[in-house]
Amino acid sequence: MKINGKHYRTIWPDNNNPKIIKIIDQRHLPHKFIIEELKTVADFTAAIKEMHVRGAGLIGATAGFAMYCAAISAPKNNFSSFIKNAAQNLIQTRPTATNLAWAVRRQLKAMTKEEDIDEKIKISFKTAQKTADEDASFCRRIGEHGLDIIKEISKRKKGEPVNILTHCNAGWLAFVDYGSATAPIYAAHNNGINVHVWVDETRPWLQGAKLTCWELAQEKVNHTLIADNTGGHLMQHNMVDMVITGTDRTTYTGDVANKIGTYLKALAAFDNNIPFYVALPSSTFDWHIKDGIKEIPIEERSGSEVNYIKGITADNKLEEICISPADSRAANFAFDVTPSRLITGLITERGVVRANKEAILNLYPEHQQ
Ligand code: MRU
């Protein structure tokens, strides 16, 4: 994605010293564009846990580089247990997004292929790069497959704007490039299709207001920010043609975990006969979990993210204010699960499929048991 005309990924090794990994610290967007350098395993762990980086694909790519950092930091006489410990700590940082554990395990597997420690380090760098590159190319392909769906709607509407509602940020900032839910939107926009995006603000962290709006503005995509509870009303009044969201973990049976509030949007879409699509690369599938509601672990974050809100004042200062009685207890479930029956289709790097076991395993036959 381009920021002020310059192409960036969300994570990349420093040109002069690839042992330093650079990220965009998303806590400061949209007000400040700050690049942070990650140099130690503790830097990586904090960056994931405290959401300097976030979003399933980007958490996975960051974990890949974190394992490379662990490999170069590990004492030679205690290499394996240092690596195992780093892997365990990383996996625990954020429990819902499956890409994290997937990327860590991919690194562990790659490193076992080599005996020599220097070779293990080399293969861990290659694997981190591969995970990041694959994430970007899978998202680009998700864009191509999703484009066909938007084209169809645009044709039916005879060029009138295609109104797409999205929740949270499953954009470029949640991946290495392009995004999942936003990839078809960018592809449509770049193909001259008239698209307009309704952006749910996405309380409490406000990924929609802060990140999705910023991304869409950078790409000059027409969009409107809405309060989280607006979608149902818009759907009842024919102001939404389709919904596209991302996902942090999707079962092989098609149940989708995504940012809290997604389920309510899916219910409203179902009730109003509006197509509800979920976009994901294959790294977000959980091939072991059958029942998303019962089995997907839902991250609970600090209630202070609900009590307090951060933003910029009229005199340009970034400040945090309390919006409730300071001692009111707040619950902060970060994700919910939308059952497969409410989902029109999954947009993957291999194509669009129905959200059910048969269709998913047909598309990914290597995961048939
Ligand atoms: O808590 P976050 O910001 O890491 O949550 C992830 C999300 O932004 C969403 O749930 C998103 O729609 C899926 S991530 C590709």
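Which of the 16 residues around the ligand come nearest? Five of them: R54, R94, D248, N258 and K259. Keep that list in mind. One name on it will come back.

A word of caution before we go on. This is a predicted model. Everything I quote today is computed from that model.

Let's stay with the ligand for a moment. Take R54. Its side chain places an N or O atom 2.5 Å from an oxygen atom of the ligand. R94 also reaches a ligand oxygen through its side chain, and there the distance is 2.8 Å. N169 works through the backbone instead. A polar backbone atom of N169 sits 3.0 Å from an oxygen of the ligand.

Now the overall layout. The chain splits into two domains. Over C-alpha atoms, their centres are 25 Å apart.

Together the two domains bury about 2800 Å². Carbon and sulfur atoms account for 57% of that area.

What about polar contacts across this boundary? There are 18 residue pairs in polar contact between domain 1 and domain 2, counting pairs with both residues at pLDDT 80 or more.

On to charge pairs. Side chains of opposite charge can pair when their charged atoms come close. Between domain 1 and domain 2, the count is one salt bridge. And here is the returning name. R94 forms a salt bridge with E299, with the closest N and O atoms 3.0 Å apart. R94 is also one of the residues that come nearest to the ligand. So please look at that side chain on the screen.

Across the whole structure, the search finds 18 salt bridges. One of them joins D118 and K76, at 3.3 Å between the closest N and O atoms. Why pick out this pair? D118 lies in helix α5 (residues 117-156), while K76 is in the loop between α2 and α3 (79-93), so the pair ties together parts that are 42 residues apart in sequence.

Last topic: the backbone. Most residues other than glycine have a negative phi, and most peptide bonds are trans. Here are some exceptions.

The peptide bond from L29 to P30 is cis, with omega near 5°. P30 belongs to the loop between β4 (21-24) and β5 (35-38).

The bond from R203 to P204 is cis too, with omega near 0°. Where is P204? In the loop that connects β7 (195-200) and α7 (207-218).

That loop between β7 and α7 also holds T202. T202 is not a glycine, yet its phi is positive, near 70°.

To recap. R94 contacts a ligand oxygen and forms a salt bridge with E299.

Definitions and conventions
Residues numbered from 1 in each chain as written. Heavy atoms only, no water. Domains from an automatic or database assignment. Buried area = accessible area lost by both parts, 1.4 Å probe. Salt bridge = Lys/Arg side-chain N within 4 Å of Asp/Glu carboxyl O. Polar contact = N/O pair within 3.5 Å; in protein donor to acceptor, adjacent residues only side chain to side chain. Near = heavy atom within 4 Å. Helix = DSSP H or I, 4+ residues; strand = E, 2+ residues; numbered from the N terminus.
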